[in-house]
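Please take a moment with the sequence and the three-dimensional view before reading on. The report after them goes from the overall fold to single residues.

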Amino acid sequence: MTYVEKLNPWCVVRHFPTMQHQIVARFRRRSYAEAHLQALRRLVPSVTFTIIFNLEVEQSDQVAP
């Protein structure tokens, strides 16, 4: 996970019929992601988009017991 991904955990995700997904954009705040999602839904109404919080913790970031 890159530094930018850690700072921008809110993601707008595009869903495909084959149970696949693609991250379209990353944002620092949920409100920014929601505004982008609204614009995408107006521009491309036939595509399914959702917002997710994507914060994965790497093994090296975890504190050892």
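## Basis of the description

This is a predicted model, in which local features need pLDDT of at least 70 and side-chain atom pairs count only at pLDDT 80 or more, while totals for chains, interfaces and linings use all residues. Residues are numbered from 1 along each chain as its sequence is written, and side-chain values use heavy atoms, with hydrogens and water left out.

## Overall fold

The protein contains two helices and three strands, where helices (H or I, at least four residues) and strands (E, at least two residues) are DSSP runs numbered from the N terminus. Followed along the sequence, these elements give the pattern α-β-β-α-β.

Of the 65 residues of the protein, 23% count as buried; buried means under 20% relative accessible area, exposed means over 50%, and partly exposed lies in between, with a 1.4 Å probe and protein chains only. The accessible surface comes to about 5100 Å², and 56% of that surface belongs to carbon and sulfur atoms; the areas come from the Shrake-Rupley method with a 1.4 Å probe, and for residues only the protein chains shown count as cover. Among contacts (heavy atoms within 4.5 Å) between residues at least 6 apart in sequence, 42% join residues at least 24 apart.

## The sheet and the helix across it

Strands of a sheet pair through backbone hydrogen bonds, either parallel or antiparallel. Here, three strands form an open sheet in the order β2-β1-β3, with antiparallel pairing; two strands are taken to pair if DSSP finds at least two bridges between them. Because β2 (21–27) and β3 (48–53) stand at the edges with a single partner strand each, one side of each is left without a neighbour in the sheet. From one strand to the next, the twist averages 30°.

Strand β1 (residues 10–15) is joined to β2 by six bridges, and the two run antiparallel. Within this pairing, V12 stands opposite A25 in β2, and R14 has Q22 in β2 as its bridge partner. Helix α2 (residues 30–43) lies across β1, β2 and β3 and runs at about 175° to β3; axes are lines fitted to C-alpha atoms, for helices over the stretch in contact, and angles run from 0 to 180 degrees between N-to-C directions.

## The nonpolar core

In soluble globular proteins, nonpolar side chains tend to be buried together. The largest nonpolar core of this model has ten residues, namely W10, V12, A25, F27, A33, L37, L40, V47, F49 and I51; such a core is a set of buried Ala, Val, Leu, Ile, Met, Phe, Trp, Tyr and Cys residues joined through side-chain atoms within 4.5 Å. At least two residues of this core come from each of β1, β2, α2 and β3, and the largest share, three residues, is supplied by α2.

A25 is in contact with W10, C11, V12 and H36, leaving aside its neighbours within four places in sequence.

## Selected residues

The C-alpha atoms of T50 and V12 are separated by 5.7 Å, although the two residues are 38 residues apart along the chain. With 26% relative accessibility, T50 counts as partly exposed.

N54, in the segment after β3, is buried because its relative accessible area is 15%. Not counting residues up to four places away in sequence, N54 touches P9, C11, I23 and R26.

M19 lies in the loop between β1 and β2, a hairpin with five residues between the strands. M19 is not a glycine, yet it has a positive phi of about 65°. With a relative accessible area of 76%, M19 is exposed. E34, by contrast, is found in helix α2 and, at 32% relative accessibility, counts as partly exposed.
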